[in-house]
Amino acid sequence: MLQEKITQYTAEINAFSTDHADELEQFRIKFLGTKGIIKDIFDEFKAVSPEEKRTLGKVLNEFKQLAEAKYQSLKDLTEVADTAKDSGLDLTLPGEGFEVGARHPLALVRREIVEIFNKLGFIVAEGPEIEDDWHNFSALNFPEEHPARDMQDTFFIKKGGEKGDIALRTHTSSVQVRMMEAGKPPFRAIMPGRVYRNEAISARAHCFFHQVEGLYVDENVSFADLKQTLFYFVQELYGEGTKVRFRPSYFPFTEPSAEMDISCTICKGAGCQMCKYSGWVEILGCGMVDPNVLENCGIDSKKYSGFAFGMGIERIANLKFEIKDLRLFSENDARFLKQYKTSLI
Ligand code: DAH
């Protein structure tokens with residue numbers, strides 16, 4: 001009898017909800033008031049048999065706690081609702097939400113490159129963006145009259161002087177020199193950073209862009225090591241089955257030098273606009289560090305050999321995301337940047 005009542009009222013309490021203070025007050029009077037249901041039930045309880053008391057006692061207490069807890073939680077709710085009403089707030093309106101930021105596509109690509117080379121034991125090194133002639137050119141075996149030193153390409157900050165020209169670095173190869181001068185072999189590092197060239201800004205050229213330089217110097221480092229390292233890198237970055245090919249080239253700081261192409265990631269070699277219908281796209285320059293460069297940095301070129309490579313991050317990003325206009329990378333257009341949302345932090 002009593003048990004049935006409790007069951008019925010429990011259902012009623014569980015189903016009850018309001019954010020109106022007056023309805024809640026009715027609830028309080030009905031259940032918790034001095035003449036309320038709980039008081040009645042407790043009175044009835046006094047009359048039940050001792051055996052029943054033992055089992056019903058617990059049930060009764062839980063019932064009372066339920067009614068009190070319900071009242072308290074709804075009281076908090078009605079108070080919040082009242083405050084909101086007083087201040088003209090409408091809590092039923094949907095929230096504004098938080099916009100999650102996005103990583104810059106160049107930052108995403110740089111991180112991916114760094115992670116791949118980290119797995120091969122390459123550390124990350126950095127150097128200054130304002131460089132002297134020695135680190136940017138002379139130590140890297142650039143002849144005195146090399147066109148890259150020309151005003152057309154290089155942003156000079158100071159011409160001449162005791163230590164020679166001061167300029168914005170034109171490539172991250174300068175960091176190779178700083179690293180080798182400062183330490184002892186073996187060296188195994190990649191060096192990401194911003195570089196500057198005096199170019200008119202267009203979809204295909206910019207006055208600043210980003211590179212990642214790589215350097216590996218030790219005893220008995222060979223061109224085969226270079227090929228295998230870069231092959232591994234390409235498989236990791238663009239997926240297994242991506243082909244590579246090396247073409248002979250020239251850089252003052254490497255001998256022999258090569259440029260590396262990969263099978264076009266867009267058309268998979270079938271031919272498209274990206275690869276100019278050749279099936280191949282160039283992604284980096286590389287070669288065996290010229291012994292002159294090693295010697296310029298105080299390293300015994302008879303004992304040590306090494307390879308180096310350099311790639312443009314924009315180019316790599318271009319192939320990954322098909323971003324055709326270089327200017328997008330530095331315009332800070334939120335509509336562009338928002339597309340590169342990632343779960344990576
Ligand atoms: N520094 C070259 C550039 O800016 C890229 C490069 C080519 C770097 C060959 C290297 C290399 O380390 O071995 O175009």
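**Entry 1: the annotated site.** I started with the UniProt record, an unreviewed entry, where the annotation "binding site" covers Glu 255. The model I am reading is predicted. I located Glu 255 in strand β8, residues 254-263. Is Glu 255 buried, partly exposed or exposed? I got a relative accessibility of 49%, so Glu 255 counts as partly exposed; exposed would need over 50%. Next I looked up its contacts, leaving aside neighbours within four places in sequence. Glu 255 touches Met 288 and Asp 290.

**Entry 2: domains.** I checked the domain assignment. It gives domain 1 as 2-87 and domain 2 as 105-343. I then looked up the separation of their C-alpha centres, which is 74 Å.

**Entry 3: a sheet of 3 strands.** I traced an open, antiparallel sheet with the strand order β2-β4-β3. Its edge strands are β2 (130-132) and β3 (156-158), and each pairs on one side only. From one strand to the next, the twist averages 35 degrees. I looked at how β2 meets β4, residues 166-168. The two run antiparallel and are joined by 3 bridges. Asp 132 stands opposite Ile 166 of β4.

**Entry 4: salt bridges.** How many salt bridges does a search of the whole structure find? I noted 17. I followed up several pairs.

- Arg 28 and Glu 25 meet through their side chains at 2.9 Å, N to O. They sit 3 residues apart in helix α2 (residues 21-32), so about one helical turn separates them. Arg 28 is partly exposed at 28% relative accessibility. Glu 25 is also partly exposed, at 32%.
- Glu 131 and Arg 178 form a salt bridge at 2.7 Å, N to O. This pair links distant parts of the chain, 47 residues apart: Glu 131 is in strand β2 and Arg 178 in helix α7 (residues 173-182). I found Glu 131 buried, with a relative accessible area of 2%. Arg 178 is partly exposed at 29%.
- Glu 282 and Arg 247 form a salt bridge, with their closest N and O atoms 3.9 Å apart. They too link distant parts of the chain, from strand β9 (residues 280-289) to strand β7 (residues 244-251), 35 residues apart. Glu 282 is partly exposed at 36%, and Arg 247 is partly exposed at 27%.

Conventions:
Residues are numbered from 1 along each chain as its sequence is written. This is a predicted model: local features need pLDDT of at least 70, side-chain atom pairs count only at pLDDT 80 or more; totals for chains, interfaces and linings use all residues. Side-chain values use heavy atoms; hydrogens and water are left out. Two strands pair if DSSP finds at least two bridges between them. Helices (H or I, at least four residues) and strands (E, at least two) are DSSP runs, numbered from the N terminus. Axes are lines fitted to C-alpha atoms, for helices over the stretch in contact, and angles run from 0 to 180 degrees between N-to-C directions. Domain bounds come from an automatic or database domain assignment. UniProt positions are given in the numbering used here, feature names are shortened, and annotations may be inferred rather than shown by experiment. Buried means under 20% relative accessible area, exposed over 50%, partly exposed in between (1.4 Å probe, protein chains only). Contact means heavy atoms within 4.5 Å. A salt bridge is a side-chain nitrogen of Lys or Arg within 4 Å of a carboxyl oxygen of Asp or Glu.
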